[in-house]
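Here is a short note for a first look. Please keep the structure open while reading the points below.

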Amino acid sequence: MSTGKHYAKGSPKPVLPDDGQLRLFSMRFCPYAQRAHLVLNAKKVPHHTVYINLTEKPEWLVDVSPLLKVPALQLSAEKGQPSLIESLIIAEYLDEKYPQNPLLPKDPLKKAQEKILLERFSGVTSAFYKIFTQSTGIDDFSLAVDIFEQELAKRGTPFFGGDKPGYVDYMIWPWLERLPLVEFALKDYNFDAKRFAKIAKLIELLKADDVVKSFYVTPEQHIEFWKTRKAGNANYDLLA
């Protein structure tokens with residue numbers, strides 16, 4: 001269940017069914033929140049989604065997210081019950097709590113190696129920030145993607161998770177989905193599908209994945225939202 005539109009400052013707190021389902025506080029265009037949606041959908045965990053306007057945050061958000069961030073996962077509607085924040089913490093919690101369709105390896109060493117690899121993806125996320133705030137960072141972006149291109153070639157599998165998407169695949173997908181936005185922001189840039197042949201193939205495979213399709217935003221929609229945000233009037237309800 002989704003509340004549809006984004007709650008903003010002054011909005012009443014939504015009344016959700018007291019049915020024991022998890023409650024995910026999200027924003028439809030947030031790549032970090034998208035990670036949580038992908039894991040929940042991969043594991044087919046019933047949940048409620050409450051979308052938050054991150055420019056004008058509702059006053060009651062602090063009750064479930066002390067740092068006023070999304071994603072925030074409320075584990076229970078009972079007063080005093082904990083909530084989780086930070087996308088990777090939420091993803092790992094869900095993977096351990098719900099064993100169906102495991103995303104991380106069970107072997108401690110292999111699990112640690114996957115998490116170390118994902119740490120290196122910070123080079124991509126920081127480059128994205130530079131691209132959209134300073135119109136620089138494309139060289140940093142390419143060097144960071146090189147790491148994942150080489151790793152995927154080394155593994156010799158279509159996905160980082162092997163023959164099907166795993167933890168790393170779903171955790172990096174939100175930024176791969178936004179590559180057309182980079183090309184729009186930097187008019188003279190085109191993603192080099194020859195240099196990054198393995199990643200280009202991965203993108204096509206993930207686009208066809210049912211989990212990715214369950215929470216997908218088209219390039220045109222990403223660009224339209226970015227335009228409104230850059231203009232200072234982010235249209236959070238573009239897809240509502």
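**Pocket and aromatic rings**

1. Helix 1 (31-42), helix 2 (87-97), helix 3 (108-119), helix 4 (122-134) and helix 10 (219-230) each supply at least two residues to the lining of the largest pocket. Helix 4 gives the most, with six residues. Helices are DSSP runs (H or I, at least four residues), numbered from the N terminus.

2. The model is predicted: local features need pLDDT of at least 70, side-chain atom pairs count only at pLDDT 80 or more, and totals for chains, interfaces and linings use all residues. Residues are numbered from 1 along each chain as its sequence is written, and side-chain values use heavy atoms, with hydrogens and water left out.

3. The largest pocket holds about 900 Å³ of space. A pocket here is an open set of points on a 1 Å grid over the protein atoms alone where a 1.4 Å probe fits, with protein on both sides within 12 Å along at least five of seven lines. Its volume is the space filled by probe spheres set on the points, which are joined across faces, edges and corners.

4. Lining residues have an atom within 4 Å of a point. By class, the lining has 20 nonpolar, six polar and seven charged residues. Ala, Val, Leu, Ile, Met, Phe, Trp, Tyr, Cys and Pro count as nonpolar, Asp, Glu, Lys and Arg as charged, and the others, Gly among them, as polar.

5. There are 14 aromatic pairs in the structure. Rings of Phe, Tyr and Trp (its six-membered ring) pair if their centres lie within 6.5 Å; planes over 60 degrees apart count as edge-to-face. Tyr 32 and Trp 175 are edge-to-face, at 5.0 Å centre to centre and 75° between the planes. Tyr 32 lies in helix 1 and Trp 175 in helix 6 (residues 167-177), so the pair ties together parts 143 residues apart in sequence.

6. Trp 175 is buried, at 3%. Buried means under 20%, exposed over 50%, and partly exposed in between (1.4 Å probe, protein chains only).

7. Phe 128 and Phe 141 also form an edge-to-face pair, 5.9 Å centre to centre with 65° between the planes. Phe 128 is buried at 6% relative accessible area, and Phe 141 is buried at 2%. Ring pairs link both into a cluster with Phe 132, Phe 184, Tyr 189 and Trp 226.

Technical notes: Phe/Tyr/Trp six-rings, centres within 6.5 Å; stacked < 30°, edge-to-face > 60°.
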